[in-house]
Amino acid sequence: MVMDFNLKRLRMRNWRCYQDKVIDFTSNSEKPIWIIFGQNGFGKTSILEAIQWCLYGSDALPTTELLTRFNRIEVKNNPETELLVNLILERNGHTYDISRIAKIKIKGTTKVVQIDEPTVYKNGLPVPDSRERIEEILPRSCKEFFFFDGVEIKRYAKRMHTEETRNAIERILGIPELRNLREDAEKAMQTIDRNLAKVASSNEHLKKINDSLQTIQDNIEATLQQLEIAEQDYKNEVDILTDIKERASQLEGLRGKLEELKKLEREEARLKENLNHSETALETALRQASIPLMREFVVEIADRMQRNSFTTARRSGSLSLLQELLKEEICVCGRCIDDSAREYLRKELDRLEESTGSLTKEALQQDNLSKRLVNLSEFKTPNFQELLLKRDGLEEELEETQQSIYRLKGETKGINDEEAQDIWKKVGQSEQSTDQKKSKIERLNNERENLQKEEDKLRREREKLAGQDKETATLARQAKLARGLYQAAGELIEWRIGERKQTIEAHTSEIHLRVTNKSTEYRGVKIRSDYTLGIENAAGEIIEPETLSAGEKEALAFAFIAGLNLASGTAAPLIMDTPFGHFDTKHHQNVVKYLTQFPSQVIVLATDRDFPPPLLEEIRPHVAKIFKIRRLGDSEDSSTVEVEE
């Protein structure tokens with residue numbers, strides 16, 4: 001990379017925390033990036049301020065604030081001290097040595113700052129008109145596109161639709177100077193008109209034309225005033241419409257979130273019910289957990305009860321046999337049953353009936369208990385791991401759902417259903433009002449154009465008539481020249497804007513596509529006729545910057561600033577003070593990588609956070625040198641800058 005414009009050296013003497021420090025930016029390589037690391041408060045911003053003050057003086061730093069830039073240690077030792085900033089620049093093979101000095105003078109009890117005119121040497125020889133020469137090297141109108149910080153990026157990110165953008169573009173295009181030229185031509189026309197009116201008082205025809213011309217000019221002025229009011233009304237209505245649409249978009253999003261909230265609340269109720277069932281099943285399993293441990297004992301008791309039931313059954317069988325035997329005459333053994341035998345059998349029968357009655361009742365109870373014990377002995381061990389996993393899963397799912405509900409309740413707090421229903425009606429009304437105001441502007445512009453055509457016609461008639469008289473011929477020629485200059489300046493403004501706007505768009509679009517984290521979604525940046533910025537997406541639609549995220553806005557602002565730098569035609573060094581602090585990670589990485597391709601010297605004043613180790617290692621092949629700012633002792637008024645090994 002060949003860089004034709006470089007900062008080669010910076011010297012600061014008694015400037016803020018630098019008592020006498022030289023930073024050398026010379027290098028044998030053509031690597032574009034220089035990094036100066038420093039903690040906050042160590043003197044990074046002081047370096048950027050020193051460069052701007054050396055070049056632009058009070059245009060960069062008000063004289064009322066300059067007293068605070070003197071090194072306090074030096075001022076304490078020498079109240080009437082001197083401050084110096086010196087720059088060595090190299091441009092197109094020429095070396096420029098620029099210095100600016102300020103001194104403190106004591107007048108009574110008051111300290112006054114005396115500032116000398118800057119000195120400029122070109123290739124060792126003094127150059128007259130130093131301010132004009134500096135303006136040629138680095139125009140003041142471009143300074144914020146060569147020297148800027150993260151605050152500058154944030155400022156542009158917030159003001160893409162205000163005079164900020166218009167002024168920045170017009171300064172790069174040189175429009176203020178062209179407007180001044182047109183205004184000077186207009187003033188000359190007005191002066192000549194007055195002189196012609198004076199000498200034309202004796203010529204009735206010329207006087208009539210002048211009167212008609214004055215009437216038309218008054219009408220043009222009135223139309224321009226109406227047009228200015230109409231344009232302001234239109235701008236206000238556009239702002240109102242933008243706000244209403246933004247609110248409508250918010251409400252639509254909130255209404256969608258309300259529907260999502262209702263679904264989540266239903267899901268929460270379902271999860272709670274399932275969790276209750278799961279906890280009940282787990283509690284039941286835990287209560288029954290001891291049953292498997294008692295299985296052998298339960299089986300043994302059940303078997304014993306079954307044996308007892310068998311004994312009772314045997315007794316019941318003996319009783320029925322005795323009852324049958326009493327009815328017989330002869331025993332089964334063949335002996336005759338006499339009275340004494342029958343008496344014995346009756347007594348035994350009574351005893352058995354008495355004991356068997358109680359045993360039968362007990363047997364029924366034991367039999368029932370035995371069956372229950374048998375059922376218990378067949379009980380299967382619960383799968384506690386499965387039950388616990390199911391419960392824990394439901395608890396986690398419920399917690400996530402409740403967190404989502406809490407978040408959505410916070411996001412939808414204060415939503416007004418009535419406003420949500422009415423908002424699109426307001427959008428329609430505002431759009432209609434905007435169209436009406438736009439139509440009014442178009443009508444007034446048509447009236448102005450027709451009046452100006454009539455004015456031009458009358459001017460030509462007056463010039464032709466005035467040219468026939470020696471007394472007015474000179475004024476007629478002057479009027480014609482002034483009118484031609486006025487029209488040419490206007491046409492030049494329109495041509496310059498149209499021609500250079502394309503260049504700015506091209507540079508800004510290229511940079512934006514490199515630094516944005518959505519390069520596949522965008523085609524480029526568009527600058528409208530009213531100087532407002534928009535981003536064209538892949539579908540050909542223009543996206544308003546207000547709808548972008550904070551990171552996307554700042555990426556667009558950086559692309560715009562860097563694009564204006566390239567469009568300025570001055571390949572000056574780009575000096576940035578901690579510009580990455582507000583970017584998200586992806587935009588931060590993209591911007592840093594883009595700097596390696598920037599076609600000029602890049603000097604970055606940074607903190608360690610601006611270049612994390614992986615990112616620093618990635619761009620190190622493009623870095624010419626790294627400096628480190630460190631404190632000398634514990635004083636905030638004494639810092640030095642050293643090359644990092």
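Q: How many disulfides turn up in the whole structure?
A: Zero, across the whole structure. A disulfide here is a pair of cysteine sulfur atoms within 2.5 Å. This is a predicted model, where local features need pLDDT of at least 70, side-chain atom pairs count only at pLDDT 80 or more, and totals for chains, interfaces and linings use all residues. Residues are numbered from 1 along each chain as its sequence is written, and side-chain values use heavy atoms, with hydrogens and water left out.

Q: Cys17 and Cys54, then: buried or exposed?
A: Cys17 is buried, because its relative accessibility is 6%. Cys54 is buried too, at 0%. Buried means under 20% relative accessible area, exposed over 50%, and partly exposed in between (1.4 Å probe, protein chains only).

Q: Switching to strands. Which way do E1 and E2 pair?
A: Antiparallel, over six bridges. E1 covers residues 5–15 and E2 covers 18–24. Strands (E, at least two residues) and helices (H or I, at least four) are DSSP runs numbered from the N terminus. Two strands pair if DSSP finds at least two bridges between them.

Q: Which residue in E2 is the bridge partner of Arg11?
A: Val22.

Q: And what's in the turn?
A: E1 and E2 make a hairpin with two residues between them. Arg16, in that turn, has a positive phi of about 50°.

Q: What's the strand order in the open sheet of three strands?
A: E10-E11-E12, with antiparallel pairing. E10 and E12 (542–543) are at the edges, each with a single partner strand, so one side of each has no neighbour in the sheet.

Q: How many bridges hold E10 to E11?
A: Five, in the antiparallel sense. E11 spans residues 533–537. Gly524 has Glu536 in E11 as its bridge partner, and Val525 has Ile535.

Q: How many bridges on the E12 side?
A: Two bridges join E11 to E12. Ile535 stands opposite Ile543 there. The E11–E12 hairpin has four residues between the strands, and Gly540 in the turn has a positive phi of about 85°.

Q: How many residues of E11 are buried?
A: Five of its five. In a regular strand, side chains alternate between the two faces of the sheet. In E11 both faces are covered: Leu533, Ile535 and Asn537 lie on one side, Gly534 and Glu536 on the other.

Q: Where does Thr516 sit?
A: In the loop between helix H14 (470–515) and strand E10 (522–527). Thr516 counts as buried because its relative accessibility is 4%.

Q: What does the Thr516 side chain reach?
A: The backbone nitrogen of Lys518, at 3.2 Å.

Q: Which residues does Thr516 touch, beyond four places in sequence?
A: Tyr522, His587 and Asn590. Contact means heavy atoms within 4.5 Å.

Q: Last topic. How many residues are in the largest nonpolar core?
A: 101. Such a core is a set of buried Ala, Val, Leu, Ile, Met, Phe, Trp, Tyr and Cys residues joined through side-chain atoms within 4.5 Å. Those with the most contacts inside this one are Ile35, Ile47, Phe558, Leu595 and Phe611.

Q: Which helix gives the most to this core?
A: H15 (residues 550–567), with ten residues.

Q: And which residues is Phe611 in contact with?
A: Leaving aside neighbours within four places in sequence, Phe611 contacts Ile35, Phe37, Phe580, Val592, Val604, Ala606, Leu616 and Ile619.

Note on methods: A polar contact is a pair of N or O atoms within 3.5 Å; within protein, one must be able to donate a hydrogen and the other to accept it, and residues adjacent in sequence count only if both atoms are side-chain atoms.
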